[in-house]
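Here's a walk through one protein model, written for someone who likes the cut-offs spelled out. Have a look at the structure, then read on.

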Amino acid sequence: MIRNIVFDVGDVLFHYRWKDMFMDYGVSEEEGIRIGKQIFDEPQQRWLQFDKGLLTLEELIDGYAKSYPKDAEIIRFFLNHSEYMPVAHPEAWRFFPKLKEKGYKVYLLSNYSKELFERHTEHADFMEYLDGKIVSYMVNELKPDAAIYQALCDKYSLKPEECIFFDDRKENVEAAIAFGMKAKQVTSRQGLVEDLTELL
């Protein structure tokens with residue numbers, strides 16, 4: 001029996017206008033994509049270390065500035081104004097009070113740095129309905145490592161088989177299933193709405 005609904009955040013409860021932020025700064029879409037790849041896909045994996053809570057925002061920015069000096073100014077702008085990056089999915093947020101009324105417990109399990117998580121969720125209505133959360137920076141672990149799923153269950157005394165997890169990444173969904181949870185990959189906003197409607 002499902003008792004606990006567990007949500008990822010990125011591309012589930014928000015999507016991100018990261019390309020638009022670079023274009024807001026005045027570069028082309030092509031340039032924005034190039035700079036974004038430098039940030040998110042670099043071999044050093046500094047972004048993942050940031051999400052793990054092993055780098056501060058300033059350390060991250062300084063590292064990128066040294067590696068990509070010609071893009072240092074725009075990268076600093078992008079990361080220092082990250083509150084303009086997320087776009088809400090209100091159709092999903094509206095389910096939180098309904099899920100609570102139905103008796104479900106609601107949790108977050110997400111890969112996120114402390115700085116960006118706090119900025120992105122500061123005005124998010126769904127936060128008031130949470131029964132708990134594990135964010136990667138809190139435990140220095142990232143999905144799809146089993147340790148982060150274990151951390152959630154340990155902290156809130158959850159049984160994996162009583163949880164359903166919604167995440168946009170296939171590897172994170174597969175890891176949740178291997179851990180013992182029911183899990184569904186979020187591939188569209190409407191698909192998530194349909195899945196949540198079924199739970200009601």
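Which residues of the largest nonpolar core touch the most other members? They are F7, L13, L79, L99 and F166, out of 45 residues in that core.

## Ground rules

This is a predicted model, so to speak of local features a pLDDT of at least 70 is needed, side-chain atom pairs count only at pLDDT 80 or more, and totals for chains, interfaces and linings use all residues. Residues are numbered from 1 along each chain as its sequence is written, and side-chain values use heavy atoms, with hydrogens and water left out.

## The cores

A nonpolar core here is a set of buried Ala, Val, Leu, Ile, Met, Phe, Trp, Tyr and Cys residues joined through side-chain atoms within 4.5 Å. Buried means under 20% relative accessible area, exposed means over 50%, and partly exposed is in between (1.4 Å probe, protein chains only). As background, nonpolar side chains in soluble globular proteins tend to be buried together.

Take F7, one of the residues that touch the most other members of the largest core. Contact means heavy atoms within 4.5 Å. Leaving aside neighbours within four places in sequence, F7 is in contact with V12, L13, F96, L99, V106, Y107, L108, L109, F165, F166 and L196.

## L79 in helix α5

L79 is also on the list of residues with the most core partners, and its place is in helix α5, residues 72-80. (Helices, H or I with at least four residues, and strands, E with at least two, are DSSP runs numbered from the N terminus.) L79 counts as buried because its relative accessibility is 0%.

Skipping neighbours within four places in sequence, the contacts of L79 are W47, L57, L60, I61, Y64 and R119. From L79 to E115 is 36 residues in sequence, and 9.8 Å in space, C-alpha to C-alpha.

## How α2 meets α5

Two packed helices are described by the angle between their axes and the distance between the axes. For α2 and α5, the angle is about 70 degrees and the axes are 11 Å apart. That makes α2 roughly perpendicular to α5. The axes are lines fitted to C-alpha atoms, for helices over the stretch in contact, and angles run from 0 to 180 degrees between N-to-C directions. Under 35 degrees counts as roughly parallel, over 145 as roughly antiparallel, 65 to 115 as roughly perpendicular and the rest as oblique.

On the α2 side the contact is made by I35, Q38, I39 and F40, and on the α5 side by I74, I75 and F78. By class, that's six nonpolar, one polar and no charged residues. (Ala, Val, Leu, Ile, Met, Phe, Trp, Tyr, Cys and Pro count as nonpolar, Asp, Glu, Lys and Arg as charged, and the others, Gly among them, as polar.)

D71 sits in the loop between α4 and α5. Its relative accessibility is 5%, so D71 counts as buried. Beyond its neighbours within four places in sequence, D71 is in contact with R34, I35 and Q38.

## Salt bridges

How many salt bridges does the structure hold? There are 17, each a side-chain nitrogen of Lys or Arg within 4 Å of a carboxyl oxygen of Asp or Glu. R34 pairs with E31, the closest N and O atoms being 2.8 Å apart. These two are separated by about one helical turn because they are three residues apart in helix α2 (residues 29-40). R34 is partly exposed at 25% relative accessibility, and E31 is partly exposed at 29%.

D62 forms a salt bridge with R76, with the closest N and O atoms 3.4 Å apart. This pair links distant parts of the chain, D62 in helix α4 (residues 57-67) and R76 in helix α5, 14 residues apart. E83 and R119 also meet through their side chains (3.7 Å, N to O). That pair links distant parts of the chain too: E83 is in the loop between α5 and β3 (86-88), R119 in helix α8 (residues 114-121), 36 residues apart. Elsewhere, salt bridges that share partners join D8, K143 and D167 into one network.

A cis peptide bond joins K143 and P144, with omega about 10 degrees. P144 lies in the loop between α9 (136-139) and α10 (146-156). N140 lies in the loop between α9 and α10, and its phi is near 55 degrees, a positive value in a residue other than glycine.

D11 has a positive phi of about 60 degrees although it is not a glycine. D11 lies in the loop between β1 (4-7) and β2 (14-16).
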